[in-house]
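Subject: Structure for your review

Hi,

Here is the structure I promised. Please open it alongside this note; my findings follow below.

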Amino acid sequence: MRKILIFDTTLRDGEQTPGVSLDINDKIEIACALEELGVDYIEAGFPITSRGDFEAVKEVSRIIKNSGVCGLARAVKKDIEVCWEAIKIAKRPRIHTFIATSHVHMKYKLRMKPEEVIDRAKEAVRYAKKFTSDVEFSCEDAARSDRKFLIKIINEVIKEGATTINIPDTVGYAIPQEFYELIFFIKENLEKEVTISVHCHNDLGLATANSLSAVLAGASQVECTINGLGERAGNASLEEIVMSLKARRRFFKAYTGINTRKIMKVSKIVSRLTGINPQPNKAIVGANAFAHESGIHQDGVIKKRTTYEIINPRDIGLKESKIVFGKHSGRHAIEKKLNELGYKVNKKMLDEIFVKFKEIADKK
């Protein structure tokens, strides 16, 4: 089995969630929680964007000892210099530089010709390598880029020393089969073996599916955020990626170094500091992810947890799943709850209680 590296970008892309702004103390608290969780890399921020972000990235770099610390930089010398100043005290510093590679981005945003983009990318990676051996290069909007151009620029930056190549689905446009084929194509056409990473957005609700398809195609790093935070509809969710690989380990033939029992703890810290709680039906960390209201489901879980739960709640840091009482609940769950409360009832009493319970449950 191969290890899949978990690159957490909650402090960078997650902070780009509309309405979210983390100060230096917030970033330190989240970074420490991520290190305890066991993430391989923490993308601490985008140092050039503000003095506050620079100082936060610098402090995270100073404190974190086990995880790698990464800073983002455009393919611009000044960005790279500022990024290095922020992360150079890290035990494992990484410069992450990027430039857009899709036709629409090159023509309308960058206003650059494809060959100019390649030259800029090569120059940026070459310059970043003067500061650190660990350089990641991202092809922004890769999922909508021409494949021949994409592999050309990738091989060129690898020659300049890029050790990780990130393939983002920047606008959440890809479909899982399509993204699988893209990653497979890139792996097959690399002139030199490097780490292939993916960074998927959730505009069509496919960020996790696309990321996992990429793992099947050979990607060995996944970029994600706690609670799926990020621009627009967010990023691939760390907890969904990690628990999918854990629950279906034999299928993926891969694993992560994440201490999954810390997932709920980190999720709650991020929720508190960002002010954004996961939707109740959010996979893994939503309030209802391990809650059962239907009588059929309740009866099954009471008899054997695995009838309706594919993940043990203890594996993400919960004590147990929840039985929620509503109009769909059954006698078995009511009887079990009564027993837990210390009441022993016979069949006749249970029938009477159950009728009254249903009357109330129909109203609220």
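A term first: two strands pair if DSSP finds at least two bridges between them. By that rule E6 and E7 pair, since three bridges join them, and the two strands run parallel. Please keep in mind that this is a predicted model.

**Overall**

The protein has 14 helices and 12 strands. Its C-alpha atoms fill a box of roughly 80 × 40 × 40 Å along the principal axes. Of its 364 residues, 53% count as buried. Take the contacts with a separation of 6 or more: residues 24 or more positions apart account for 73% of them.

**The barrel**

Eight strands form a closed barrel. The order is E2-E3-E4-E5-E6-E7-E8-E9, and the pairing is parallel. From one strand to the next, the twist averages 25°.

H3 packs on this sheet and touches E4 and E5. The direction of H3 makes about 160° with that of E4. H5 packs on the sheet too, where it touches E5 and E6 (135-140). The direction of H5 makes about 170° with that of E5.

Some pairings in detail:

- E5 and E6 are parallel and share six bridges. Phe98 stands opposite Ser138 in E6.
- E6 and E7 are joined by three bridges. Glu136 stands opposite Thr164 in E7.
- E7 (residues 164-169) and E8 (residues 195-200) run parallel, with six bridges. Ile167 stands opposite Val198 in E8.

**Strand E6**

How many residues of E6 are buried? Six of the six are, so E6 is largely enclosed by the rest of the structure. Val135, Phe137 and Cys139 point one way from the strand. Glu136, Ser138 and Glu140 point the other way.

**Helix H3**

H3 covers residues 77-87. Its buried residues are Asp79, Ile80, Val82, Cys83, Trp84, Ala86 and Ile87. What do they pack against? The partners are helix H2 (51-63), strand E4 (68-74), strand E5 (93-100) and helix H5 (114-128).

**H1 against H11**

H1 spans residues 24-37 and H11 spans residues 263-274. The two helices pack at an angle of about 170°, with axes 10 Å apart. Angles over 145 degrees count as roughly antiparallel, and H1 and H11 are therefore roughly antiparallel to each other. H1 passes H11 in a left-handed crossing.

From H1, the contact uses Asp26, Glu29, Ile30, Ala33, Leu34, Glu36 and Leu37. From H11, the residues are Ile263, Lys265, Val266, Ile269, Val270, Arg272 and Leu273. By class, that makes nine nonpolar, no polar and five charged residues.

**Lys27**

One more residue in H1 to look at: Lys27. Is Lys27 buried or exposed? Its relative accessible area is 0%. The cut-off for buried is under 20%, so Lys27 is buried.

Best wishes

Methods
Residues are numbered from 1 along each chain as its sequence is written. This is a predicted model: local features need pLDDT of at least 70, side-chain atom pairs count only at pLDDT 80 or more; totals for chains, interfaces and linings use all residues. Side-chain values use heavy atoms; hydrogens and water are left out. Axes are lines fitted to C-alpha atoms, for helices over the stretch in contact, and angles run from 0 to 180 degrees between N-to-C directions. Helices (H or I, at least four residues) and strands (E, at least two) are DSSP runs, numbered from the N terminus. Angles under 35 degrees count as roughly parallel, over 145 as roughly antiparallel, 65 to 115 as roughly perpendicular and the rest as oblique. A crossing is left-handed if the near helix is turned anticlockwise from the far one by less than a right angle, and right-handed if clockwise. Contact means heavy atoms within 4.5 Å. Ala, Val, Leu, Ile, Met, Phe, Trp, Tyr, Cys and Pro count as nonpolar, Asp, Glu, Lys and Arg as charged, and the others, Gly among them, as polar. Buried means under 20% relative accessible area, exposed over 50%, partly exposed in between (1.4 Å probe, protein chains only).
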